[in-house]
Amino acid sequence: MSGAGDRVWLNMVVNGRPVQVSVRPDARLIDVLRDDLGLTGTKEGCSRGECGACTVLLDGEAVNSCLVLALKAEGREVLTIEGLARDGQLHPLQEAFLRHGAVQCGYCTPGMILAAKALLDRHPHPTREEIRRGLSGNLCRCTGYKKIVDAVEEVARGGVRP
Amino acid sequence: MSATVVGQSVPRLAGRDLVTGRAVYTADMRWPGMLYARTKRSDYAHALIKRIEVEEAARLPGVAAVLTAEDIPGENSMGIIIMDHQLLARERVRYRGENLALVVGDKEVLDEALELIRVEYEPLPVVLDPLEALAEGAPRIHERGNLTWECHLVKGDVEAAFARCDVVVEGTYRTGFQEHAYLEPEAVVAVPEAGGRVTIYCGCQTPFHIRSIVARALGVPFTSVRVVQATTGGSFGGKDEVDAEMGALAALAALRTGRPVMINHTREEAVMGASVRHAAIIRHRTGATRDGRILARDVDVVLDGGAYSSLSPFVAVKALAHSAGPYDVPNVRARVRVAYTNKTYAGACRGFGVPQVTFAAERQMDELARELGMDRMELRLKNAVRVGSSTAFGQVLRAGVGLEETIRQAAAVAGWKERRAGTGSGGRVRRGIGMACMMQGVSNGAEGVDAVGAFCQLAPDGSVLVGCGLADMGQGANTVFAQIASQILGVPLERVRVRAVDTDHTPDSGPTVASRATTMGGRAVAMAAEKARDKVVEMAASMLEVAPADLDLRDGMVVVKDAPDRAVPLAQVVNALYWTGQPINFEAWSKAPDARFDEQTHQGDIYVEFGYGTHVMEVEVDTETGKVTILRHVAAHDVGKAINRQAVEGQIEGGSLMGIGLGLLEEIKYDERGNLLNPNFTDYLVPTSADAPDTEPVIVEDPGAWGPFGAKGVGEFPVSAAAAALANAVSDALGVPVRQLPVSPEYVLDLLSSQGQEPRA
């Protein structure tokens, strides 16, 4: 079903809620999230899928939303950083990142946390090496990654109440 | 005082906003009626502009305006010392990507509009090699020639000293251009305000400089412009002039259209259209006696400064001052020249010239140690600065010189003595270990006055608001300021807030650079908090009928020391001050002693404080692929006092990785026409989590005399030592001297194939 002009309707579930948006066929998922839905927690860092700042979960899989056509999300579930905390309660990854000092400027943080969640959802007990490899699609220029890896490792060990 | 918040690891203030995606960075802002703008950039690295045609672009539906140099009512210029850079080029472009025109309108039509702008160029010869640029007869990039800046340092008599040396080593070292690569590309929003004012929102570290450039471009009083620092996604020295450029263009567009205007850079624009770290060619000669005492160092540096002067004059002087490394060398001669070339301009980048000269100085230490048959750590210990030592610029270090301690601790943690034998052996994969030391001045030094303003506002409920003219760009300065105020006023950290830098509200304290935020900014915050404390104590003393000296501030209470059940809540005291008409907002101004030095020899007192560090790195080099793997990395830094331990570790870990990037992976590349070849992360290799070692930070605290609680700063310092330690480790592994950065696989293979043809060092 098409919308006004050359736009089409996009139906998806974002952070647990069904949404319907009128989008151009060439719209990127990142633009729909940030501009149409006002979810600016997802960041744009390179527009080439290299930095991972735009990472969101699409049916649980980490994707670079700057490379995903919005229409590819038709009928699917999208999780952005705004959808992670529940009823004001931070997700264990969010808590751990803060406690370990894994957040400096914060720009990579939304994408990094979601990438970590996707990693742990797939591999609940990764080694430190596996965490590093699993997050290697998300660049961070501030932290040197060590405290990020510490935080993810702690959550994986179940050190934080889920 | 009981449990102190200063010295603890404290999570980042307002961190919750960052992990939930609620934090608003500039490009997240949405203003009613906001338009977007983007610039037309030059296709040539060096050319005259014969004509710019914008009429067709201006007619495109959705375009509100197209601006060229003609539309700038005030000064079409920017720069720091030499205003040689135009906001929009009029007659000539000097690097590929230089701005020519600004298209303003709906976001969707900008790219199409840019395509419709026609520019007629007359190409000029392109100058890319800084040595060629400085040579006689080179095509002139600027009217004054191709020498951007030159400075000299003379201490003692190097030639006489070399004559007395038993051993002299010499080498030429090269480093490449590094990009800041902050994750957040630059963005600004200009919002027209009442009374002809305009507000610029941007992630930045030099809001007052931005204000001046914008105001000059608009031809309005400085106070017509307000710059508000937005949540900043990293800066590392980069979000300075480019923000001024973007701010001025956005402001022009905003005042022309009457609407808010946003300019946000693509990653390519962030690399190509904003400053980079200077590439360097360094000739370094070191002479020592047989027992390892360095008597003389002679250093000649050429920095490739790109097309415009930017911060080159200051980078040159800082490189000059630090060219002899962290050693007590009685005779030093140094010269730094910066050359113009037709490339993206070089400016401030974390380290500011010190990483480049430290790499050369530390490679020389290893090469000297080899000639002397001396252990590389022993040689460093023998010459390291200590209390009473004199720097290359003749400043006597009076207190808190923790360099030796960092050498010993880094070596102990890394197991230097056990590991250094058995390196450089044969086989496909070779192991090596390297050490590197650094020192760096904190405070503006030769760049001008260092003064910082801060305020501490007490609220009637006993909560506190802190403001300072220096910026938190992600490094955690605001958290440190809050800890300082919390400690001094005895107010729980949760009840302290820090406001963002805003040129209307926070005092002009100069740029947040030179790793000065904690040391210089923190001192001003402490002074403001002390003023507040004094007033509180005076009032509470009269309320409790004791002497002020009998009182302590803790947990939001004012307590009688010897009778803790006699106490009054801070809130009550603040109320009492307010209702008796006394001020509850306290301002302080912290001015550092001025730098005093001879302009010809650069001898004198330049910096208020210094940071020191030693890194030890173990690597493995695959001699078939040239790949270097870091096995272990220990980074010891004397920070005087770690106010926020976790944040200091974060600076050591993050700064080290930027140094590792400089040393191993990152280099901006140009082709022979001056086209920047790798303006995005596909080909510009920023270290990923898979590349990063598990850096082991070691915090040494040898208190300084100036900073709050003895703090000395750390932000830039790990970059130098990490890059140099890596180079030294690879040299050790291969048994061949590393003479350039990055140590790419190609370079490693070149080194191996040249083995045996060059003298071993």
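# Helix packing in a predicted model

Modeller: This is a predicted model. Start with a contact in chain B: Glu362(B), Met365(B), Asp366(B), Leu368(B), Ala369(B) and Leu372(B) of H10(B) touch Arg376(B), Leu379(B) and Arg380(B) of H11(B).

Colleague: Is H10(B) roughly parallel or roughly perpendicular to H11(B)?

Modeller: Their axes come within 9 Å and cross at roughly 110°. Angles from 65 to 115 degrees count as roughly perpendicular. So H10(B) and H11(B) are roughly perpendicular.

Colleague: Which helices are among what covers the buried residues of H11(B)?

Modeller: The cover includes strands S14 (294–304) and S16 (429–442) of chain B. It also includes four helices of chain B: H10 (354–372), H12 (403–414), H13 (416–419) and H18 (717–734).

Colleague: At the start of H11(B), which residue has a side-chain oxygen reaching the backbone nitrogen of Met377(B)?

Modeller: Met377(B) is itself one of the buried residues of H11(B). Its backbone nitrogen has a side-chain oxygen within 2.9 Å, and that oxygen belongs to Asp375(B).

Colleague: How do H14(B) and H15(B) lie relative to each other?

Modeller: Helix H14 (residues 477–489) and helix H15 (residues 517–544) of chain B pack with axes 9 Å apart, at an angle of about 30°. Angles under 35 degrees count as roughly parallel. H14(B) and H15(B) are therefore roughly parallel.

Colleague: By class, what residues does the contact of H14(B) with H15(B) have?

Modeller: H14(B) brings residues including Val480(B), Phe481(B) and Ile484(B), and H15(B) brings residues including Gly521(B), Glu530(B) and Arg533(B). Gly counts as polar. By class, the contact of H14(B) with H15(B) has 12 nonpolar, three polar and two charged residues.

Colleague: Turn to chain A. How does H2(A) lie to H5(A)?

Modeller: The axes of helix H2 (residues 92–100) and helix H5 (residues 146–156) of chain A come within 9 Å and cross at roughly 135°. That angle makes H2(A) to H5(A) oblique.

Definitions and conventions. Residues numbered from 1 in each chain as written. Chains lettered and ligands numbered in written order. Predicted model: local features only at pLDDT ≥ 70, side-chain atom pairs only at ≥ 80, totals over all residues. Heavy atoms only, no water. Buried < 20%, exposed > 50% of the residue type's maximum accessible area, 1.4 Å probe, protein only. Helix = DSSP H or I, 4+ residues; strand = E, 2+ residues; numbered from the N terminus. Contact = heavy atoms within 4.5 Å. Polar contact = N/O pair within 3.5 Å; in protein donor to acceptor, adjacent residues only side chain to side chain. Axes fitted to C-alpha atoms, helices over the stretch in contact; angles between N-to-C directions. Parallel < 35°, antiparallel > 145°, perpendicular 65-115°, else oblique.
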